[in-house]
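The following note was prepared for a colleague who has asked for a reading of the model.

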Amino acid sequence: MGGGGSAGARRKERTHREPRHSGLADPPAMWGLLLAVTAFAPSVGLSLGAPSASELGLSPGSTLAPHSNLTQTSTKANETSGQHVRLRVIKKKKIIVKKRKKQRQPGPLVTARPSVTTNPAKTPTLPEKQEPGCPPLGLESLRVSDSQLEASSSQSFGLGPHRGRLNIQSGLEDGDLYDGAWCAEQQDTKPWLQVDAKHPVRFSGIVTQGRNSIWRYDWVTSYKVQFSNDSQTWWTSKNHSSGMDMVFPANSDPETSVLNLLPEPQVARFIRLLPQTWLQKGAPCLRAEILACPVSDPNDLFPEAHTLASSDSLDFRHHNYKAMRKLMKQVNEQCPNITRIYSIGKSHQGLKLYVMEMSDQPGEHELGEPEVRYVAGMHGNEALGRELLLLLMQFLCHEFLRGDPRVTRLLTETRIHLLPSMNPDGYETAYHRGSELVGWAEGRWTHQGIDLNHNFADLNTPLWYAEDEGLVPHTVPNHHLPLPSYYTLPNATVAPETWAVIKWMKRIPFVLSANFHGGELVVSYPFDMTRTPWAARELTPTPDDAVFRWLSTVYAGTNRVMQDTDRRPCHSEDFSLHGNVINGADWHTVPGSMNDFSYLHTNCFEVTVELSCDKFPHEKELPQEWENNKDALLTYLEQVRMGIAGVVRDKDTELGIADAVIAVEGINHDVTTAWGGDYWRLLTPGDYVVTASAEGYHTVKQHCQVTFEEGPVPCNFLLTKTPKQRLRELLAAGAKVPPDLRRKLEQLRGQKN
Ligand SMILES: [Zn+2]
């Protein structure tokens, strides 16, 4: 019933835009389908023979409340936005809540903590934060390995228990090895999914989702929970007052995470989820996370249980806007000589886009000192990058005070700019939902509903058009392409956050950058957009492919998880087969990406780092994630030394020449000098013929050799003014033309004629 068409559209959308890491170019189309499903709510019954939620004596409001509450708020926040974030969630929730209310089933609260229950009738008040008690065991983060998951049955390998992880994303083909949930066989009358915590823990709650799939909709509507210490003898979570088995109400769509806290936490090693009811004509399919606290282990029987440590004493928490501002201020107060906080603009909701600058001379571009930047959180729900940058600024400050030579050198030789939150509005939305309930999409977009990584001007198309016409670089430059006129029109859909970053890019002569995302483990490098129009994926290297591959490999090669040869793929692609790096367009085309824009509009080389399988890891994971990334974050910054650098000066005055063009033979992409005439040209080791040219000067060519030694290799230029330029300047100064110059000019004129 139109389903094929819509799903086809969805597949197209997915392959087109950002199929994997974002997974969520898809929700628009998917939610459309969902709405269609919920419109037929009465026919979406529960499976036969199983009691409906109303028959279970449950109070659905109690578990739905936190979600409906927060969903409403966040959806409201997206009302003004464009297409993807419509009112659908509100509608859907309202339908369900109303329907259930009519059935008037007063029942015991399923949730054990009052903080997550609200009265749906009242205007929802936003709690400061959703904290569902114990931390996750790690189904989503992959801390729980595949071998710890077991099930009564599975429809196929791709729907095996190892796929029953919260937020796991399916591959493009249904029925392949990477389907979107654990699904029991349809004839399995007593399905269960089991998690072995490997040592006793205190289980406190369960988060579930339905199946993430292109063609199918499946979700479990209720389940029971059992525990065991030996996987032989099991006991069931009971209802306090009735003494009956607890039946937890579960999902009503494939994506929204639903939390159930146990009425009484249980200490055990094994936990089983036993689906009781599910979508009619469907199968019991779910994705889950288990919440569990460590229990004291006086005899140290399970030493592997405690490995989440970092040797650095840093603030390992998630920071909302206020807390982030406070932390940055603290770092600034601790290290006033090497830090400066500034804002590059405001989000749509008026939150400032704060940058922490770190250098020995903050606030100043020193001649010859390269500028580097890290940008995190352009997708607000991809929260790890933000915290890593906040940790990095603390770390650099502490280590500088301690006199660490590596950090001191870094801060003396480079000027570092850290933007932890490019989309603070989106982050606040995600933060309020909490790390386990935020799901895959909420908070991704700005408050206006804009995906910032599609919002930069597409300069690839005009460049490639000019290249195809044979105009580059003689008529059209191969660098610093101008903003297209449509992009600067008053009614152009350009987010304030995007403009703020563009102006920032133009203001500071950045050389190197990385921008941090989450939801995968891979480093991707430009171009992000495929050269063949509408191709979903296609290898599209830049003229600087060698440099970009080097930069990406440096990050991937020094990141601990990416280097873990035993790690399993996050979702459906195994990037470890290619060194955990990929050309962006070869993964999925992204028109209007920040990386491509940065490369084509400025001198700055930028890559995308996908930091973790889990977009919003639990706070408990932060020390480990810091350790995973610490060396990579430092080593990547040090790559700004790779290649050549120098100053282009006027031979007579010895003044630096701004906007001189540095061209490298064989690389069809030039860079330009900053105001002081200084430049940096990232290059991998090799012999290069480098040309410096500037208006009014004779072009100078020289050989520059980049070795494996630490650079940058100095490659300075002295340019001589052309006679024409000298004349122009003399005449402008009101002077008479000296005889030698006049003779030269006459000679030239004669040659021309
Ligand atoms: Zn992202």
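1. Cys183 and Cys285 are both buried. In this predicted model, the two residues form a disulfide with their sulfur atoms 2.0 Å apart. The link of Cys183 and Cys285 is right-handed, with 115° about the S-S bond. Cys183 belongs to strand S2 and Cys285 to strand S8 (residues 285-294), so the bond ties together parts of the chain that are 102 residues apart in sequence.

2. A disulfide also joins Cys335 to Cys397, with an S to S distance of 2.0 Å. This link is right-handed as well, with 85° about the S-S bond. Cys335 is located in the loop between helix H5 (321-334) and strand S9 (339-346), while Cys397 is part of helix H6 (residues 384-402); the pair therefore ties together parts that are 62 residues apart in sequence. Cys335 counts as buried because its relative accessibility is 2%, which is under 20%. Cys397, at 0% relative accessibility, counts as buried too.

3. Cys704 and Cys715 form a disulfide in which the sulfur atoms are 1.8 Å apart. Cys704 sits in strand S22 (residues 700-706) and Cys715 in the loop between strand S23 (713-714) and strand S24 (717-719), so this pair ties together parts that are eleven residues apart in sequence. Both Cys704 and Cys715 are buried.

4. How many disulfides does a search of the whole structure find? The search finds five. When the bonded cysteines are counted along the chain, the disulfides follow the pattern 1-4, 2-3, 5-6, 7-8, 9-10. On the separate matter of accessibility, Cys604 is buried, with a relative accessible area of 0%.

5. Ser152 deserves a paragraph of its own. The residue is placed in the loop between strand S1 (149-151) and strand S2 (182-183). Is Ser152 buried, exposed or partly exposed? Its relative accessible area is 28%, which falls between the limits of 20% and 50%, and Ser152 is therefore partly exposed. Leaving aside residues up to four places away in sequence, Ser152 touches Trp182, Asp188, Lys190, Pro191 and Trp192. Two of these contacts can be described at the level of polar atoms. The side chain of Ser152 makes a polar contact with the side chain of Asp188 at 2.6 Å, and a polar atom of the Ser152 side chain lies 2.9 Å from the backbone nitrogen of Trp192. Ser152 and Gln194 are 42 residues apart in sequence, and their C-alpha atoms are 8.4 Å apart in space.

6. Asp315 is found in the loop between S8 and H5. Is Asp315 buried or exposed? With a relative accessibility of 17%, Asp315 counts as buried, because the value is under 20%. Its side chain makes a polar contact with the side chain of His319 at 2.8 Å. Apart from residues up to four places away in sequence, Asp315 touches Leu327, Leu391 and Gln394.

7. The structure holds four cavities of 30 Å³ or more. The largest cavity has a volume of about 90 Å³. Twelve residues line this cavity, and the closest to its centre are Ser524, Asp528, Trp587, His588 and Val590. Helix H13 (584-587) and strand S16 (605-610) are the elements that give two or more residues to the lining. The largest share, three residues, comes from H13. By residue class, the lining of the largest cavity divides into three nonpolar, seven polar and two charged residues.

8. The second largest cavity has a volume of about 40 Å³. Which residues line the second largest cavity? They are Leu139, Glu140, Leu142, Arg165, Leu166, Asn167, Ile168, Cys570, His571 and Cys613. The lining of this cavity divides into six nonpolar, two polar and two charged residues. For comparison of the two linings, the corresponding division for the largest cavity is three nonpolar, seven polar and two charged.

Technical notes: Residues are numbered from 1 along each chain as its sequence is written. This is a predicted model: local features need pLDDT of at least 70, side-chain atom pairs count only at pLDDT 80 or more; totals for chains, interfaces and linings use all residues. Side-chain values use heavy atoms; hydrogens and water are left out. On a 1 Å grid over the protein atoms alone, a cavity is a set of points where a 1.4 Å probe fits but cannot get out, and a pocket is an open set with protein on both sides within 12 Å along at least five of seven lines; lining residues have an atom within 4 Å of a point. Grid points are joined across faces, edges and corners, and a volume is the space filled by probe spheres set on the points. Helices (H or I, at least four residues) and strands (E, at least two) are DSSP runs, numbered from the N terminus. Ala, Val, Leu, Ile, Met, Phe, Trp, Tyr, Cys and Pro count as nonpolar, Asp, Glu, Lys and Arg as charged, and the others, Gly among them, as polar. Buried means under 20% relative accessible area, exposed over 50%, partly exposed in between (1.4 Å probe, protein chains only). Contact means heavy atoms within 4.5 Å. A polar contact is a pair of N or O atoms within 3.5 Å; within protein, one must be able to donate a hydrogen and the other to accept it, and residues adjacent in sequence count only if both atoms are side-chain atoms. A disulfide is a pair of cysteine sulfur atoms within 2.5 Å.
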